[in-house]
Amino acid sequence: MYLSLIVGVYSLVFLLLFCLALFFFILLRRIIVQQVEKKFQKIYRMIEEEVLITLNSGSPQKAISIAENFGQHPKVLIQTLINYAENVKGQARENLGVIFEAALKKKCLKDLRSWWISKRLRAIRLFVLFARPEDSPLLIDLMKDKPLIRLAVIQALSRLPNYRNISYIFDAFVKDPIPQAHAYINIMYGLGSRIESFVGEYMTKTLSYEKLALLIELAGSVPLRSLYDKVIGFSSHPEKEIRIAAARALGNLLIHEAQNDLIRLTEDEAWEVQAQAYKSLGRLKVSDSLDVLEKGLYSFNWHVRYNAGYSLAMLGIPGIKRLKAVVKGKKDRFASDMATMVLDSVLYSGEAT
Amino acid sequence: MTETLAVLFQLVTGLILIYFCLINFFYFLFLILSFTGIFHYRNKVKYLSFKEIFHLPLVKPISIIAPAYNEEHSITESVNSLLTLEYPLYEVIVVNDGSTDKTLEKLIEAFDLQKAKWVFRKSIATKPVNGIYKSLSNPKLIVIDKVNGKKADALNAGLNISHYPLFCAIDGDSVLEKDALLKMVRPFLENPEETIAAGGILRLSNGCVFEDGQIKKIGMPKNFLARLQVLEYLRAFLGGRMGLNKLKSLLIISGAFGLFRKDVTLECGGYRTETIGEDMDLIVRIKKYLYEKKTSFRICFIPDPICWTEAPESFSSLINQRNRWHRGLAETLVHNRRMIFNPAYGLTGLFAMPFYLFFELLGPVIELIGYIIFVTLLLSGHINHPFALMFFLVAVFLGCFISLMAILLEEYSLRRYPKLSDILIISLFSLLENFIYRQYLAFIRSKAFVDLLRGKKGWGEMKKIGFSKEAEQP
């Protein structure tokens with residue numbers, strides 16, 4: 001009994017000390033963090049004042065003096081630059097770039113090789129904002145790093161959209177797994193029509209269905225109209241997901257000649273493709289498709305009826321007239337109900353806007 | 001006979017001791033995993049601009065479904081908060097689940113609602129819908145008025161009406177932080193194929209000040225019970241769920257704030273209306289369905305999107321809430337009992353389900369038996385008094401230590417309580433909760449078994465006070 005009592009006493013004392021230590025650690029940490037934050041805010045405000053003057057004056061000389069005066073507070077300076085660079089463009093960002101070059105670039109280059117992932121990410125973030133063409137090789141070296149770092153690098157490279165960097169982005173898109181590819185697609189989207197030739201080239205490569213579908217969607221979203229013929233080609237692809245992507249892209253490309261192919265897709269064996277084709281027809285706003293869209297209202301599938309109804313509304317007065325006719329005709333309860341709802345919602349949103 | 005009884009007694013005591021060690025081991029493990037998880041997450045979000053990577057026009061649209069039953073005090077504030085979220089494309093569907101107070105009238109008045117003709121695909125059967133309203137002042141808002149069918153039925157009705165591929169289930173009396181959806185949607189953008197559901201953090205709105213549907217001042221609740229619950233929520237979300245998430249064993253995405261893929265939810269038949277633990281039930285059924293389909297998936301817990309919700313401030317409401325939670329847990333585990341210890345369901349079957357069964361469901365009963373044995377031994381003189389006291393204090397300080405670790409996690413991750421005094425108060429309550437409150441909770445959670453066997457189905461009454469504004473603060 002005595003032994004268990006001794007063990008108990010030791011456990012209790014040990015736990016008590018541990019709890020007290022943890023409690024004081026939490027308190028002390030909070031006090032220190034608050035003090036550090038206070039100091040940080042004070043310096044931040046000082047830098048901010050100077051930065052605002054620089055942004056207004058547009059003088060690079062002033063920017064260099066900020067770098068000289070506050071170079072010994074890199075953390076605060078980095079935060080100020082990140083906060084401001086995210087909200088300014090043009091000459092103002094150039095001036096911030098001068099501060100970066102003069103005060104932080106050396107540190108960032110060192111941080112790019114740091115063991116700490118947060119330091120690497122922070123350095124890349126600054127390169128995302130202030131990258132210059134000569135920095136590309138440094139960033140490309142990091143393409144062998146962890147996926148998270150690679151994503152950040154791709155984001156940085158997208159700020160320097162020359163031929164070589166865009167190739168790197170597309171190569172990474174092909175090599176990396178599909179979750180990462182989604183992020184790359186979003187980055188590519190930001191590059192606009194510069195990626196036209198790359199998208200066309202990579203569409204012809206052997207890619208997984210998911211990646212190919214993403215590229216087709218990208219062609220539509222940007223939109224890359226010169227790829228119209230290639231997208232049309234995919235509308236007969238045996239894979240359903242590719243046909244859906246093609247139907248959506250055709251709607252986004254807004255080329256009236258796509259009408260016939262979209263009408264063909266409204267007869268597709270998969271309802272998902274049909275529904276997308278009806279939606280895209282609405283986006284094209286070609287009055288010749290009135291009959292097809294009206295037919296869609298009588299589909300067995302709810303999604304097809306829904307998209308056909310709203311697409312008719314998108315055609316303006318002629319479409320609205322067709323919807324009214326379907327409501328009055330009452331040939332089919334489901335079509336009539338859908339047309340009623342579409343008319344009702346068009347009325348509401350019209351009033352609301 | 002007496003000897004056999006003594007041996008049996010010793011055996012039970014030994015088992016309880018082993019149980020005590022095991023449960024604390026798992027809590028420590030979860031806390032350590034939470035630290036690593038939060039550390040990794042912080043690194044990821046601090047310097048990688050997801051807003052830039054996922055350009056706003058390309059993010060997936062979301063339908064927010066907020067069931068409301070007798071929420072007249074808070075509904076306007078909650079809906080206002082939902083309508084002012086930072087997200088490019090979303091709709092807000094408020095489902096008035098047959099409220100007997102003025103919830104619907106308040107909504108009609110505040111948001112200029114008009115009855116609309118609506119055709120929707122009844123993917124899931126629900127109680128009859130009396131009417132669907134659209135707001136003339138805010139096109140994002142849709143209100144469904146339906147016959148009362150409980151929360152799961154209301155969510156199903158919202159699912160039927162919703163337009164978008166993702167839906168966010170939230171409580172009608174909760175307030176989301178402005179960027180909560182943007183943070184929640186991140187895993188769905190990073191890995192759209194595999195991510196099925198994501199959950200955020202729930203925080204207590206008691207003691208906080210709200211203005212225009214947004215939190216203005218964060219503070220500690222004045223109410224004693226609510227203060228105890230602040231600590232419980234910190235432990236449960238930052239310690240428990242984050243740790244379980246790292247072990248890929250998360251079985252609950254809180255019904256008060258969760259984002260789900262609509263197609264998978266519909267394939268699983270939506271929310272099951274026969275249970276009162278519909279949030280956990282949905283996740284378990286989704287996991288079961290995807291394991292059986294042999295599809296890889298992930299369910300995530302994200303430590304920074306915050307939803308503010310009201311905690312019960314009276315004993316009767318607290319009893320009802322905890323009783324309901326425990327019955328819901330029991331119903332879900334019983335309904336999906338085939339998964340327990342079944343290797344076909346991966347980590348969920350081999351670790352998560354047994355963990356929830358032995359430590360969450362049976363935990364309070366074992367704890368209660370432990371207390372009874374302890375008191376019996378103490379009164380009958382079969383235990384050394386100093387040792388008894390020592391053991392009790394060890395248990396108290398162990399509990400305290402785990403709570404302090406959860407507070408440290410809060411300090412490290414979000415640090416939402418601005419005053420130092422708030423930390424002192426929560427720390428004090430980490431000690432106080434071990435006396436009476438913890439034992440009382442074990443008792444009411446154990447009583448849930450009796451209610452379950454009796455066939456109790458109701459939710460029980462929850463008194464709500466609504467969100468306080470600056471002027472109402474003392």
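Which residue in strand 6 of chain B is the bridge partner of Ile64(B)? The legends below work towards the answer.

This is a predicted model, in which local features need pLDDT of at least 70 and side-chain atom pairs count only at pLDDT 80 or more, while totals for chains, interfaces and linings use all residues. Residues are numbered from 1 along each chain as its sequence is written, and chains are lettered from A and ligands numbered from 1 in the order in which they are written.

**View 1. Strand 1 of chain B is mostly covered.** Strands here are DSSP runs of E, at least two residues; helices are runs of H or I, at least four; both are numbered from the N terminus. In a regular strand the side chains alternate between the two faces of the sheet. Ile62(B), Ile64(B), Ala66(B) and Ala68(B) point one way. Ser63(B), Ile65(B) and Pro67(B) point the other way.

**View 2. Strand 1 of chain B pairs with strand 2 and strand 6.** Two strands pair if DSSP finds at least two bridges between them. Strand 2 (residues 90-97) runs parallel to strand 1, joined by 7 bridges. Here Ile62(B) stands opposite Tyr90(B). Strand 6 (residues 166-170) also pairs with strand 1 in the parallel sense, over 4 bridges. The bridge partner of Ile64(B) in strand 6 is Cys168(B).

**View 3. An open sheet of 10 strands in chain B.** The strand order is 3-4-5-2-1-6-11-8-12-7, with mixed pairing. Strand 3 (113-116) and strand 7 (175-176) are the edges: each pairs on one side only. Strand 7 is joined to strand 12 (residues 298-309) by 2 bridges, and the two run antiparallel. Val175(B) stands opposite Trp308(B) in strand 12.

**View 4. Two helices of chain A cross.** Helix 10 (residues 196-203) and helix 11 (residues 209-221) have axes that come within 10 Å and cross at roughly 150°. Axes are lines fitted to C-alpha atoms, for helices over the stretch in contact; angles run from 0 to 180 degrees between N-to-C directions. Val199(A), Tyr202(A) and Met203(A) in helix 10 meet Leu212(A), Leu215(A), Leu218(A) and Ala219(A) in helix 11 (contact: C-beta atoms, placed from the backbone, lie within 7 Å). The contact residues divide into 7 nonpolar, no polar and no charged. Ala, Val, Leu, Ile, Met, Phe, Trp, Tyr, Cys and Pro count as nonpolar, Asp, Glu, Lys and Arg as charged, and the others, Gly among them, as polar.

Definitions and conventions
Buried ≥ 20, exposed ≤ 12 C-beta atoms within 10 Å, placed from the backbone. Contact = placed C-beta atoms within 7 Å.
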